[in-house]
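Here is a short briefing on one protein chain. Look at the fold first, then at the side-chain pairs.

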Amino acid sequence: MLSEIEMLRYQSVTNCLTELAKNYVRNTRESEPSRMVGKHSRRSLVSWRVSSKTNRTVSLESRGPETAFFLLSEYDERVLEIWDQPEPVIIERHDKNGKPIKVSYTPDFLLLTQDGPIVVEVKNAKNITRLVEEYPFGLASKLSRGTNFLPAEKAFAAMELRFEVFTYDADMQSLVANTELMLLARAEAPVCDDLRYAVGNVLAERFVWSLEDLRVRLELTSFTPLIQLIDDGSLKAELRKDLLSQPEGCLVACSESLLNAGRAYIEAENVGRDYHQTTVGIDKVPTVRDAEHALKKLDAIKFGGKPRSVLRWKTLIAEGEREGLSPFQSLLPKYYSCGNRMRRIQKVVNDFLMDYLTGEHARSPGLSNYRSYVRYRVLAGEVHTSTEPVSRKTFDRRLAQL
């Protein structure tokens, strides 16, 4: 909350408010809410929340529009203070028959932002059509797009105060739910540098992860540190589509471009199920290095690169399209194709080697690798007499992998 000196500077220096605007802001800050929420609506669900901006309780009429506006304003760093049910003003509007009338009007919120004070009316988008039909001569016709309410705009313009209509839509549900979780995560201890370093290393393995797989990979017992990283921008997530509360289906990456590419890549690969369902699979996702190479090639094609390289990449894209691949997939480096993928060790030899390493060798902690290899050769000669044991090099490599 702004101190008295900060408020004087905010009103007279930063924003140069008129005397009418100063009085309106001062009266709102120094008085109780001008009306009781839910008084004129029997269906309203009244709730109270404490604003971190002012350390005061804010009353809200519903779980939907007003709560959504409050949470988004709490999260917005440009908002300095939030005040509910500010001072009423007299507006001129029309009744249902088109007759001009003067009425007392109480907006829903007064925000003090870095860009100046804003008076706000909160509306639910699904009610706009009904209001247009109910008040065809003034009030609702100005709200038909959810952005204008001219009677109130005119009244506050006389004070040189900005007036806006916030229209809540059902598409905002995920963003609001995620915002609430990020605000809750701010109350916990901040993420340590060691974890930030570990997250950076893991993100280099694959350029996109599900929130659940990332937590498991980092061996975390809570999602809170990852939510904090999303909050401060170190991790990117599609907060308008994916729910942080459904971590199996929430994708994260280290940049917006990689996140968008990862979403398209997984969708094209049909790995797991649809994004809007419970889980997504990421076991086939390439590394950050490979993804960035593909994105750089796409940028070069779009904005102009070396002609020969661009021609070669366009050829790869055309070939990929015939196989049902996206341009991004077509331009991924084919490092995964390097080397001989055929297994050269017979199954009976490979099975006995793994049984020995996970059994006999694991139960002999004081045995050196050399002595263990000698013992392995002796036992292998008894188990698979017609085939040779693996070499010492292969033995040591398998042991290191385990």
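Which residue forms a salt bridge with Glu81? The partner is Arg29, with the closest N and O atoms 2.9 Å apart. A salt bridge here is a side-chain nitrogen of Lys or Arg within 4 Å of a carboxyl oxygen of Asp or Glu.

This is a predicted model: local features need pLDDT of at least 70, side-chain atom pairs count only at pLDDT 80 or more, and totals for chains, interfaces and linings use all residues. Residues are numbered from 1 along each chain as its sequence is written, and side-chain values use heavy atoms, with hydrogens and water left out.

**Overall fold**

- The chain has 16 helices and eleven strands. These are DSSP runs numbered from the N terminus: helices (H or I) of at least four residues, strands (E) of at least two.
- Of its 402 residues, 43% count as buried. Buried means under 20% relative accessible area, exposed over 50%, and partly exposed in between (1.4 Å probe, protein chains only).
- Among contacts with a separation of 6 or more, 59% join residues 24 or more positions apart. A contact means heavy atoms within 4.5 Å.
- The chain exposes about 23,200 Å², and carbon and sulfur atoms supply 50% of that area. The areas come from the Shrake-Rupley method with a 1.4 Å probe.

**A strand hairpin**

- Strand E4 (residues 89–94) pairs with strand E5 (residues 100–105) in the antiparallel sense, over six bridges. Strands pair if DSSP finds at least two bridges between them.
- Arg93 has Ile101 of E5 as its bridge partner.
- Five residues lie between E4 and E5 in this hairpin. Gly98 in the turn has a positive phi of about 90 degrees.

**Salt bridges**

- The structure holds 17 salt bridges.
- Glu81 lies in strand E3 (residues 79–84) and Arg29 in helix H2 (residues 19–30), so their bridge ties together parts 52 residues apart in sequence. Both Glu81 and Arg29 are buried.
- Arg215 bridges to Glu212, with the closest N and O atoms 3.0 Å apart. The two lie three residues apart in helix H8 (residues 211–217), about one turn of the helix. Arg215 and Glu212 are both buried.
- Glu164 bridges to Arg162, again with the closest N and O atoms 3.0 Å apart. Glu164 is partly exposed at 34% relative accessible area, and Arg162 is partly exposed at 39%.
- A network of salt bridges links Glu360, Arg363 and Arg375.

**Aromatic rings**

- There are twelve aromatic pairs. Rings of Phe, Tyr and Trp (its six-membered ring) pair if their centres lie within 6.5 Å; planes under 30 degrees apart are stacked, over 60 edge-to-face, and the rest tilted.
- Tyr356 and Phe395 form a tilted pair, 6.3 Å centre to centre, with 45 degrees between the planes. This pair links helix H14 (residues 347–361), which holds Tyr356, to helix H16 (residues 392–401), which holds Phe395, 39 residues apart. Both Tyr356 and Phe395 are buried.
- Tyr373 and Tyr376 are also tilted, with ring centres 6.0 Å apart and planes at 35 degrees. Three residues separate them in helix H15 (residues 369–383), about one helical turn. Tyr373 is buried at 9% relative accessibility, and Tyr376 is buried at 0%.
- Ring pairs join Phe352, Tyr356, Tyr373, Tyr376 and Phe395 into a cluster.
- Arg206 lies over the face of Trp209, 4.6 Å from the ring centre. The criterion is NZ of Lys or CZ of Arg within 6 Å of the ring centre and within 35 degrees of the ring normal.
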